[in-house]
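Dear colleague,

Please find below the structure that I am handing over to you, followed by a summary of what was found in it.

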Amino acid sequence: MMNLVIWSDFACPYCYIGETRLQKAIEELGISEKVNIEYRAFELDPTAPKEVTGGTPERFAKKYRLSIEDATKQIEEISRLGKEAGIDFRYATTRYSNTRDAHRLMKLAEAKYDHNTVERLNKALFDAYFTKNLVLADPKVLLETAMGVGMDEKDIKAVLDSDMYEDEVRFDEREAAMRGVRGVPYIIFGGDFAVPGAMTVDGFKSALNRELRRQEKDLNENKHGNDNERPHVCGPDGCELI
């Protein structure tokens, strides 16, 4: 079994794009039954408010010191990558807020539910933010999203009404800091090598094949695969612009 560990944030566009490309690469290689994915929390902005304070183009323009016109163009280009990955990607109208409670719900899913539920919740939270443009800090949104993948209402409310799994989220973020992770998505393949950023489908295939060969004791493959496109990544200071 190949074990992948992914640090990501639900407000990170390249994380959703990268994880979607990774899943496609796994499916195209026909190795879904050979891959296990573990999710780790990484808040791009732990101080983000729980209330939406402005629109995405305005926030983007301020963060990167761009005009609204240039910010809109960059957002549209990132959205194009999302749509090419098969996502109904609506980045321009996202409603930015704190994501900590969403990460805590993922910890609940990992602790009490099967892996399929964890996978569905992960995708549903990305979809809630980037496609449905919901506020991920809203307890009602989180409750409905988690219940929609089959999680129990009482379990969900117990987490949202407390600080349960706060320590687990902090542990993930401390581990990321110890590893020197400054941007996400950040993916470790089999504990052997890491890929920082959202590679192309072919890039992920190269990385997956490399890990498969490593497991077969063949270590002659190039460490970073054969894909030459620079992976896209988001960090605390923002996402790399295209």
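Predicted model: local features only at pLDDT ≥ 70, side-chain atom pairs only at ≥ 80, totals over all residues.

I begin with Glu173, which is found in helix H8; helices (H or I, at least four residues) and strands (E, at least two) are DSSP runs, numbered from the N terminus. Glu173 is buried, its relative accessible area being 17%. Here buried means under 20% relative accessible area, exposed means over 50%, and partly exposed lies in between (1.4 Å probe, protein chains only). Leaving aside residues up to four places away in sequence, Glu173 touches Ala41, Phe42 and Glu43, where contact means heavy atoms within 4.5 Å.

Residues are numbered from 1 along each chain as its sequence is written, and side-chain values use heavy atoms, with hydrogens and water left out.

A salt bridge is a side-chain nitrogen of Lys or Arg within 4 Å of a carboxyl oxygen of Asp or Glu. The search of the whole structure finds 22 salt bridges.

One of them links Lys107 to Asp172, with the closest N and O atoms 2.5 Å apart. Lys107 lies in helix H4 and Asp172 in helix H8, so this pair ties together parts that are 65 residues apart in sequence. Both Lys107 and Asp172 are buried.

A salt bridge between the side chains of Lys24 and Glu28 has an N to O distance of 4.0 Å. Lys24 and Glu28 are four residues apart in helix H1 (residues 13–29), and about one helical turn separates them. Lys24 is partly exposed at 42% relative accessibility, and Glu28 is partly exposed at 43%.

The side chains of Asp127 and Lys132 also meet in a salt bridge (4.0 Å, N to O). Asp127 counts as buried at 18% relative accessibility, while Lys132 is exposed at 54%.

The contact of H4 with H8

How do helix H4 and helix H8 lie relative to each other? The axes of H4 (residues 100–112) and H8 (residues 166–178) come within 9 Å and cross at roughly 100°. Axes are lines fitted to C-alpha atoms, for helices over the stretch in contact, and angles run from 0 to 180 degrees between N-to-C directions. H4 and H8 are therefore roughly perpendicular to each other; angles of 65 to 115 degrees count as roughly perpendicular, those under 35 as roughly parallel, those over 145 as roughly antiparallel and the rest as oblique.

On the H4 side, Arg100, His103, Arg104 and Lys107 meet Glu166, Glu168, Val169, Arg170 and Asp172 of H8. The residues of this contact divide into one nonpolar, one polar and seven charged. In this division, Ala, Val, Leu, Ile, Met, Phe, Trp, Tyr, Cys and Pro count as nonpolar, Asp, Glu, Lys and Arg as charged, and the others, Gly among them, as polar.

The nonpolar core

A nonpolar core is a set of buried Ala, Val, Leu, Ile, Met, Phe, Trp, Tyr and Cys residues joined through side-chain atoms within 4.5 Å. The largest such core has 76 residues, of which Tyr14, Leu22, Leu105, Leu121, Met151, Phe189 and Leu208 touch the most other members. Helix H5 (residues 115–130) provides the largest share of this core, eight residues.

Leu125 lies in H5 and is buried, at 0% relative accessibility. With residues up to four places away in sequence not counted, Leu125 touches Phe10, Ala102, Met106, Leu136, Leu142 and Thr145. Leu125 and Ala102 are 23 residues apart in sequence, and their C-alpha atoms are 7.3 Å apart.

Loops and backbone

Val184 and Pro185 are joined by a cis peptide bond with omega of about 5°; Pro185 is in the loop between H8 and strand E3 (186–189).

Arg65, although not a glycine, has a positive phi of about 55°. Arg65 is in the loop between helix H2 (56–64) and H3 and is exposed, at 80% relative accessible area. Asn133, likewise a residue other than glycine, has a positive phi near 55°. Asn133 is placed in the loop between H5 and helix H6 (139–148) and is buried, at 11%.

Yours sincerely
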